2 protein chains.
Amino acid sequence: MYYIGIDLGGTNIAIGLVDDAGRILHSDSVPTVKERHWSEIIRDMADLSKKVVADAGHSLEEVAAVGIGCPGTIDKVSGVVVYSNNIVMDHVPMAEEFRKYIDLPVFLENDANAAALGEYAVYGEGADSFVFMTLGTGVGGGIILNGKVWSGFNGAGAEIGHQTLVFGGEPCTCGRKGCLEAYASVTALINQTKAAMEAHPESMMNEYAAKHGKVNGRTSFECARAGDPAAIAVRDRYIEYVAEGICSIVNILQPEILSIGGGISREGETLLVPIKEYFAHNDYNKHMAKTDIRIAKLFGDAGIVGAAKTAETGMAE
Amino acid sequence: MYYIGIDLGGTNIAIGLVDDAGRILHSDSVPTVKERHWSEIIRDMADLSKKVVADAGHSLEEVAAVGIGCPGTIDKVSGVVVYSNNIVMDHVPMAEEFRKYIDLPVFLENDANAAALGEYAVYGEGADSFVFMTLGTGVGGGIILNGKVWSGFNGAGAEIGHQTLVFGGEPCTCGRKGCLEAYASVTALINQTKAAMEAHPESMMNEYAAKHGKVNGRTSFECARAGDPAAIAVRDRYIEYVAEGICSIVNILQPEILSIGGGISREGETLLVPIKEYFAHNDYNKHMAKTDIRIAKLFGDAGIVGAAKTAETGMAE
């Protein structure tokens, strides 16, 4: 059987037809236009789902279920988006509304949890525990235990970016101070880069940013590769923040695999090698097998695949 | 049926005969004398087990299994203590050795995990998720998910005292800097109290400590109750450290119940009320049911009851 995976983002609605192995047969996207009423967004989700299935050369009869990865707080049982501030939604009956257009079982999951499930399903090698950490605009994540998403008794957990890194430190988007997200997100890295550029007018980062029209998450990494001392300092400090957060989450959960995704993860070994080095010295566990830390592989597809896997696991329960 | 619960500590071996409901029928203890060879300690554990069962007016035929809560890293499958630095043990085949004296199934668990299971079994109300946090010499803990201890793929997890609170902060016993344990343990509180006493020679804490012959975990709490400003500052700051750590663990796991145990938990409402206040304002979850934070109730019995429950759940698997 096939599953429709819908990755509902603030910018685009990305939809794919996915098989049991987590392969995307065909996918497409349309702009979310998130300012619209949610009923219009959901109608577009259904329309594009039909188009994707048809364009893939299949029919809805071959589809077992639909999964939707959605930002915000989800009530999985009722299929309601309880709250989202990215796409503004307050108690939206998303599953029920979607089924007005396509009469298939619909399963909702928080987008970060769904992406974790996607990465786990395809590259998790059946690990008994798997943590997915995304270094993007924020620091998000998902926890998979015994093959299932663990998000707490209320579905609001796995907010691994909102563990403290510096008590009383930088303000975080969540209202607290010093969360990991305030140090290890791309947003935070850009702020760290800008501060270093100001403190070091001679740094190559100033020239690089001017040439590219802006400072972004690659500025410090690129200039560090070219040997710029200020950039190396920013990059190495940033990696320490990430590694420290990883040590904390591993000390708590000791997952078999911890997979790093999000924009920064495209740095690959540049990011992974020093993280593993830091982890080897700082992990509390000195006597048992160690968590396998790796770079995620699905990249942009994790959302679609994870939504489809949400549908698949939902049907199996 | 009954279970023998053995709480193997650095100071005492405490053993109880426990029924299905987690009630201790009878218990007793002997000094561990931890400098001895482990085989002598295990022999004493077996001797005292027989005595406790007899003194309770029962026989070993009525005992289904034996559970041992032990410090350090445990290989539950093989019943081996892989490593402990409290009672020095390195790959000790504890279950096998114990069965030379008493031929019953023997199940091992890390002591903090066992205590968590004990508290959960008696006062957890069948919650789907339960975190036990002990504020003692260190900050320990246990995680119970779906009625079972969660300690990671390698059994080394649930080290909730070793999440970062202050990146690069106070040295921790684990070798890292800035762990929650380095701020929220009784040891840390005593250091914080001593520092405040030195900075404030006029503080009542100096007199109180002289009268009691030492500074302990109650010094700041008692003097704060009497209105001493320096003591109030120490106590309130300490409680903030604990509350901040609780926010982080809840953001990650969103357990249905988080139970606070260990020596400091005897402060009861003095500790709990401000923690709940802090949590209400700092929990990332604003839209779903909230974690119920409470003070643990088993106190010193959690170890024995948890060891017995380790045996009971071991037999059920």
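Which residues of strand 12 of chain A are buried on one side and which on the other? Buried residues are A:I257, A:S259 and A:G261 on one side and A:L258 and A:I260 on the other, which leaves both faces of strand 12 of chain A covered. A residue is buried if 20 or more other C-beta atoms lie within 10 Å of its own, exposed if 12 or fewer, and partly exposed in between, with C-beta atoms placed from the backbone.

This is a predicted model, in which local features need pLDDT of at least 70, side-chain atom pairs count only at pLDDT 80 or more, and totals for chains, interfaces and linings use all residues. Residues are numbered from 1 along each chain as its sequence is written, while chains are lettered from A and ligands numbered from 1 in the order in which they are written.

**Chain A**

The secondary structure of chain A consists of 10 helices and 13 strands; helices (H or I, at least four residues) and strands (E, at least two) are DSSP runs, numbered from the N terminus. Chain A has a radius of gyration of 20 Å, close to the 20 Å given by the globule rule for 317 residues, so it is as compact as a globular protein of that length. The radius is taken over C-alpha atoms, and the globule rule is 2.2 Å times the number of residues to the power 0.38. The C-alpha trace of chain A spans about 60 × 50 × 35 Å along its principal axes. Of the 317 residues in chain A, 54% are buried. Among contacts in chain A between residues at least 6 apart in sequence, 63% join residues at least 24 apart; a contact requires C-beta atoms, placed from the backbone, within 7 Å.

Strand 12 (residues 257-261) of chain A has five of its five residues buried, so it is largely enclosed by the rest of the structure. Strand 12 pairs in the parallel sense with strand 9 (residues 129-135) of chain A over five bridges, and A:F132 stands opposite A:S259. Four bridges join strand 12 to strand 13 (residues 292-295) of chain A, also running parallel, with A:L258 opposite A:I293. Two strands pair if DSSP finds at least two bridges between them.

The loop between strand 13 and helix 10 (302-316) of chain A contains A:G300. A:G300 counts as exposed, with 11 C-beta neighbours inside 10 Å. Its C-alpha atom is separated by 15 Å from that of A:I68, 232 residues apart along the chain.

**Sheets of chain B**

One open sheet of chain B has five strands in the order 3-2-1-4-8, with mixed pairing. Strand 3 and strand 8 (106-110) of chain B are at the edges with a single partner strand each, so one side of each is left without a neighbour in the sheet. The twist averages 20° from one strand to the next. Axes are lines fitted to C-alpha atoms, for helices over the stretch in contact, and angles run from 0 to 180 degrees between N-to-C directions. Helix 3 (residues 111-123) of chain B packs on this sheet, touching strand 1, strand 4 and strand 8 of chain B, and its direction makes about 100° with that of strand 8.

In the hairpin of strand 2 and strand 3 of chain B, four residues lie between the strands, and B:G22 takes a positive phi near 85°. Another open sheet of chain B has three strands in the order 5-6-7 with antiparallel pairing. The table gives strand pairs of chain B.

| Strand pair (chain B) | Sense | Bridges |
|---|---|---|
| Strand 2 (residues 12-19) and strand 3 (residues 24-31) | antiparallel | seven bridges |
| Strand 1 (residues 2-8) and strand 4 (residues 63-70) | parallel | six bridges |
| Strand 6 (residues 80-84) and strand 7 | antiparallel | three bridges |

Bridge partners in chain B include B:G16 with B:S27 in strand 3, B:G5 with B:G67 in strand 4, and B:V81 opposite B:V92 in strand 7.

**Interface and symmetry**

The contact takes 40 residues from chain A and 40 residues from chain B. Helix 8 of chain A gives the most to the side of chain A that touches chain B, with seven residues. That side divides into 19 nonpolar, 16 polar and five charged residues. Here Ala, Val, Leu, Ile, Met, Phe, Trp, Tyr, Cys and Pro count as nonpolar, Asp, Glu, Lys and Arg as charged, and the others, Gly among them, as polar.

Chain A is superposed on chain B by a rotation of 180° with 0.0 Å of shift along its axis (RMSD 0.1 Å). That is the relation of a two-fold axis. The C-alpha of A:V166 is the nearest to the axis in chain A, 2.2 Å from it. Superposition is by least squares on the C-alpha atoms of residues with pLDDT of at least 70 in both copies.

Conventions
Contact = placed C-beta atoms within 7 Å.
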